[in-house]
Structure formats: C-alpha cells, structure tokens
Amino acid sequence: MSKRTIGQEIIQGLEEINAWKRGKLKLKTYSVEMPKAADVPAIRRELGLSQPEFAGFMGVSLGTLRNWEQARREPQGPARALLLVASKQPGAVRAAFDAAKPVARTRANRQGGRVMARARTKAA
C-alpha cells in the first residue's frame, strides 16, 4: 500500500472543484437508496429485536415504529440514516445495541424533566 499525500489530494480536489465551476469537468455523483417504511420489518427481524426493543434503539415511540411497519408513515431524517446502517451492517448495529448499558428506570427519569423543574422552582 502506498503512502497517502493528503496535501496533494486536497489540492487535486480544489482543482477539480474549480474545473467543475468553469464547466470543464463533470463530477461523479452517487445516489444511495434509503430504506423505506416497507423495509423496516425486515431490518428489525434481521437484528433479532422485538418492536419495543427496536423502537427504543431507534429513539422513537412504539406507535411510530408500528406506523412505519404498517407503511402509514415514512421514517425521516436521522431515522432513515440509522435504518440504512442497520440494513447494510446489521452485525455492527447489533453489537452496538448489545454493548449499550440499560438505564435503570427510576421515578425521576420516568417523569422526565418535571421532577427537575419542581426542584428548581422550590430552590429559587
């Protein structure tokens, strides 16, 4: 394997941008097909996760996940990117899920910020 010359690569990239701006070069473009709602059940099953587990991993409500799986709603933004990773590298996503430490559920974190807001109000 040859040694990379990062500086030379940057200069070459800038020259390509200038040539493209002048219309002398057509740059390569790539498109990535993002997962759709119809793909969600297969991705979840490939990971071996239940609906509640997968919803928690994705950071969405169980209702949202079910809407995706029943194609009533389409995943958007970062959720689609995470679904893409999960579909292309399920082993890596599964390892990340397994490595995540479960968070102990306490009364304070079940109620979200409300407990903290009350505590600040009393202290003020």
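The protein chain has eight helices and zero strands. The structure is a predicted model. Read from the N terminus on, the elements of the chain follow the order α-α-α-α-α-α-α-α.

**The chain as a whole**

- Of the 124 residues in the protein chain, 18% are buried.
- The accessible surface of the chain amounts to about 9,800 Å², and carbon and sulfur atoms account for 56% of that surface.
- When contacts between residues at least 6 apart in sequence are considered, 54% of them join residues at least 24 apart.

- Helix 1 covers residues 6-21, a run of 16 residues.
- From its first C-alpha to its last, helix 1 reaches 23 Å, which is close to the 22 Å expected at 1.5 Å a residue.
- An α-helix has 3.6 residues a turn, so residues three or four places apart point the same way.

- Glutamate 69 belongs to helix 4, which consists of residues 62-69.
- The relative accessible area of glutamate 69 is 17%; this residue therefore counts as buried, since the cut-off is under 20%.
- The side chain of glutamate 69 forms a polar contact of 2.6 Å with the side chain of arginine 44.
- Apart from neighbours within four places in sequence, glutamate 69 is in contact with Ala37, Val40, Pro41, Arg44 and Gln51.

Technical notes:
Residues numbered from 1 in each chain as written. Predicted model: local features only at pLDDT ≥ 70, side-chain atom pairs only at ≥ 80, totals over all residues. Heavy atoms only, no water. Helix = DSSP H or I, 4+ residues; strand = E, 2+ residues; numbered from the N terminus. Expected span 1.5 Å × (residues − 1). Buried < 20%, exposed > 50% of the residue type's maximum accessible area, 1.4 Å probe, protein only. Polar contact = N/O pair within 3.5 Å; in protein donor to acceptor, adjacent residues only side chain to side chain. Contact = heavy atoms within 4.5 Å. Areas by Shrake-Rupley, 256 points an atom, 1.4 Å probe, with all protein chains shown as cover.
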